[in-house]
Amino acid sequence: MNVNTGIPRYTEHDPFDQLMDLYEQNYILTRRLLGDLRRLAPGNEFTLGFEVVARITERGRFTLELAFTDHAVLDSRQQPVELRVRIYLDARAAELLDPRHPAACLQADRTECNRARQSRNRMLQRCLLYTSDAA
């Protein structure tokens, strides 16, 4: 029997756990936007809101890759901004892919790498929330 009635001290959550939670939330938001993700095939395209288009670029047995293109936001070369997202159907997770070489994260400090992933995926979450409100 636990007789400790004191206030539990605050413990900081593991950054990796927070990242996995963010991946799960992004999966749920993506599913709300696109419906049943298992039925999607490469080439499928969805107009979301006024300027955002989601296009399925690749399909694997357990993964789905898509590109969200925002025609309202232009990059430095005056091209529409494109976010590449990988969805893990079996794990029910979605992550914003790093535009740099994937091995760059393996060579970096794990904590910094996870912070960068969290930052990218928080941005994805904000974009998905904004898109779902506009749709």
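**Group meeting: a walk through the model**

Okay, so the protein chain has 3 helices and 5 strands, where helices (H or I, at least four residues) and strands (E, at least two) are DSSP runs numbered from the N terminus. Reading from the N terminus, the order is α-β-β-β-β-β-α-α. Before going on: this is a predicted model, where local features need pLDDT of at least 70, side-chain atom pairs count only at pLDDT 80 or more, and totals for chains, interfaces and linings use all residues. Numbering starts from 1 along each chain as its sequence is written, and side-chain values use heavy atoms, with hydrogens and water left out.

How much of the chain is buried? Of its 135 residues, 30% count as buried. Buried is under 20% relative accessible area, exposed is over 50%, and partly exposed is in between, with a 1.4 Å probe and protein chains only.

Let's take helix α3, residues 110-134. The expected span is 1.5 Å times one less than the number of residues. For the 25 residues here that gives 36 Å, and the end C-alpha atoms are 36 Å apart, so the two agree. The buried residues of α3 are Cys113, Asn114, Gln118, Arg120, Asn121, Leu124, Gln125, Leu128 and Thr131.

Keep Arg120 in mind, as we're moving to salt bridges. The whole structure has 5 of them, a salt bridge being a side-chain nitrogen of Lys or Arg within 4 Å of a carboxyl oxygen of Asp or Glu. Which residue does Arg120 pair with? That would be Asp98, at 3.8 Å, N to O. Asp98 sits in the loop between β5 (93-96) and α2 (103-107) and Arg120 in helix α3, so this pair ties together parts that are 22 residues apart in sequence. Asp98 is partly exposed at 22% relative accessibility, while Arg120 is buried at 16%.

Next, Glu82 and Arg84 form a salt bridge, with their closest N and O atoms 3.2 Å apart. Glu82 is partly exposed at 35%, and Arg84 is partly exposed too, at 29%. Salt bridges that share partners join Arg55, Glu82 and Arg84 into one network. Then there's Asp36 with Arg38, at 3.1 Å, N to O. Asp36 has 30% relative accessibility and counts as partly exposed; Arg38 has 59% and counts as exposed.

Asp14, Asp17, Asp21 and Glu24 gather in a patch of negative charge on the surface. For the cut-offs, patch residues have over 30% relative accessible area and no salt bridge, and like charges are joined within 9 Å. Asp and Glu count as negative, with the charge placed at CG of Asp or CD of Glu. Accessible areas are Shrake-Rupley.

Which residues other than glycine have positive phi? One is Gln78, at about 65 degrees, in the loop between β3 and β4 (80-88). Another is Arg92, near 55 degrees, in the loop between β4 and β5. Gln78 is exposed at 55% relative accessibility, and Arg92 is exposed at 55%.

Last stop, strand β3 (residues 63-74), where Val73 lies. Val73 is partly exposed at 41%. How far is Val73 from Val52? They're 21 residues apart in sequence and 9.6 Å apart in space, C-alpha to C-alpha.

Technical notes: Patches are made of residues with over 30% relative accessible area and no salt bridge: like charges are joined within 9 Å, nonpolar side chains (Val, Leu, Ile, Met, Phe, Trp, Tyr) within 5 Å. Accessible areas come from the Shrake-Rupley method with a 1.4 Å probe; for residues, only the protein chains shown count as cover.
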